[in-house]
Amino acid sequence: MTKTLAIFGAGPVLGLSLARRFGREGFRIALVARTTANLDALVAELARDGIEANGFVADVYEPDRIDAAVTAIGRIDAVAFNPGGGTMGEGIVPVLDVDPENLRLILDRFLVSAVALVRAVLPAMTERGDGAILFTAGQSGLYPAPFLGNVGMAQAALRNYFHNLNAVLAEKGVYAGAVNVGALIEGSVPHRAITSSPLDFEPEVIHPDVFADAFWKLYEKREAPEALVGSFGR
């Protein structure tokens with residue numbers, strides 16, 4: 001039986017690489033994003049690679065839309081929570097500027113949405129005794145960075161969550177783990193924004209395929225609960 005990977009927050013950079021990596025392994029791909037135009041372009045791109053893919057419109061920041069997308073997709077063997085950050089730096093503030101409002105915004109985006117997705121897909125996975133839940137996480141959850149004040153708090157909480165999921169779900173046949181982004185993803189919004197003007201330093205830039213390979217290794221081996229790609233914060 002063909003397995004399905006559902007990517008929540010599918011985009012033309014990491015999302016596309018992730019779809020291609022699992023597609024090469026025989027997975028059918030379900031792409032979830034906010035706009036039909038984005039989804040149609042991704043489905044067409046994957047079709048040219050011989051990968052079966054379908055698009056589902058939903059905002060991954062809205063729990064009700066997550067539930068609806070999970071129902072529409074049907075069986076999900078592996079799910080990837082891959083939330084984008086919108087425009088570069090949207091809502092992110094340094095530690096001295098963290099307040100309840102901007103913290104709540106980021107917690108909803110990176111933590112509450114992740115929990116909603118897990119709650120939506122987990123019952124069917126545990127009933128089958130098989131499945132995988134993959135998270136795109138940030139290096140600030142491992143290495144605190146003052147300029148990522150509120151997002152670091154959310155990422156630390158997300159890390160606690162997926163580590164606990166990994167420990168509890170293993171005996172149920174379900175894997176949970178994350179790839180921590182520790183570098184600029186080539187072609188991403190942050191990469192384009194940071195390199196759009198002259199810099200006095202050379203940022204570490206890594207191709208999205210490298211991150212996609214890290215996801216596949218986590219899924220295939222089901223040993224470690226996380227991997228770090230890049231050297232930010234170290």
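In the predicted model, Arg21 is in contact with Ala212, Asp213 and Trp216, its neighbours within four places in sequence being left aside. With Asp213, the link is a polar contact between the two side chains, at 2.7 Å. Arg21 belongs to helix 1, which spans residues 14-24. Its relative accessibility is 13%. The cut-off for a buried residue is under 20%, so Arg21 counts as buried.

The rest of helix 1 gives the setting for Arg21. Nine of the eleven residues of this helix are buried. Helix 1 is therefore largely enclosed by the rest of the structure. Among the buried residues are Leu14, Leu16 and Leu18, together with Ser17 and Ala19. Phe22 and Gly23 are buried as well. After helix 1 comes Gly26, with a positive phi near 95°.

Aromatic residues were examined next. A search of the whole structure finds nine aromatic pairs. One of them joins Phe135 and Tyr161. The geometry is edge-to-face, with 6.4 Å from centre to centre and 70° between the planes. Phe135 lies in strand 5 and Tyr161 in helix 5, so the pair ties together parts that are 26 residues apart in sequence. Both partners are buried: Phe135 has a relative accessibility of 1%, and Tyr161 has 18%.

Phe22, Phe27, Trp216 and Tyr219 form one aromatic cluster. Tyr219 lies in helix 7, residues 208-221. Its relative accessible area is 8%, and Tyr219 is buried. Beyond four places in sequence, Tyr219 touches Lys3, Phe22, Phe27, Ala78 and Ala132. Arg222 lies over the face of the Tyr219 ring, 5.0 Å from the ring centre. The C-alpha atom of Tyr219 is also separated by 8.0 Å from that of Leu134, although the two residues are 85 apart along the chain.

Strand 5 covers residues 131-138, and eight of its eight residues are buried. In a regular strand, side chains alternate between the two faces of the sheet. Strand 5 shows two such sets.

Strand 5 pairs with two other strands. Strand 4, residues 78-81, runs parallel to strand 5, and four bridges connect them. Here Ala80 stands opposite Leu134. Strand 6, residues 174-182, is also parallel to strand 5 and is joined to it by eight bridges. In this pairing, Ala137 stands opposite Asn180. Between strand 5 and strand 6 the chain passes through helix 5, residues 149-169, in a right-handed β-α-β crossover.

Taken together, these features place strand 5 between several described elements. Strand 5 pairs with strand 4 and with strand 6. Through Phe135, strand 5 is tied to Tyr161 of helix 5.

Methods: Residues are numbered from 1 along each chain as its sequence is written. This is a predicted model: local features need pLDDT of at least 70, side-chain atom pairs count only at pLDDT 80 or more; totals for chains, interfaces and linings use all residues. Side-chain values use heavy atoms; hydrogens and water are left out. Buried means under 20% relative accessible area, exposed over 50%, partly exposed in between (1.4 Å probe, protein chains only). A polar contact is a pair of N or O atoms within 3.5 Å; within protein, one must be able to donate a hydrogen and the other to accept it, and residues adjacent in sequence count only if both atoms are side-chain atoms. Contact means heavy atoms within 4.5 Å. Two strands pair if DSSP finds at least two bridges between them. A crossover is right-handed if, with the strands pointing away from the viewer, the path from the first strand over the helix to the second runs clockwise. Rings of Phe, Tyr and Trp (its six-membered ring) pair if their centres lie within 6.5 Å; planes under 30 degrees apart count as stacked, over 60 as edge-to-face and the rest as tilted. A charge sits over a ring if NZ of Lys or CZ of Arg is within 6 Å of the ring centre and within 35 degrees of the ring normal.
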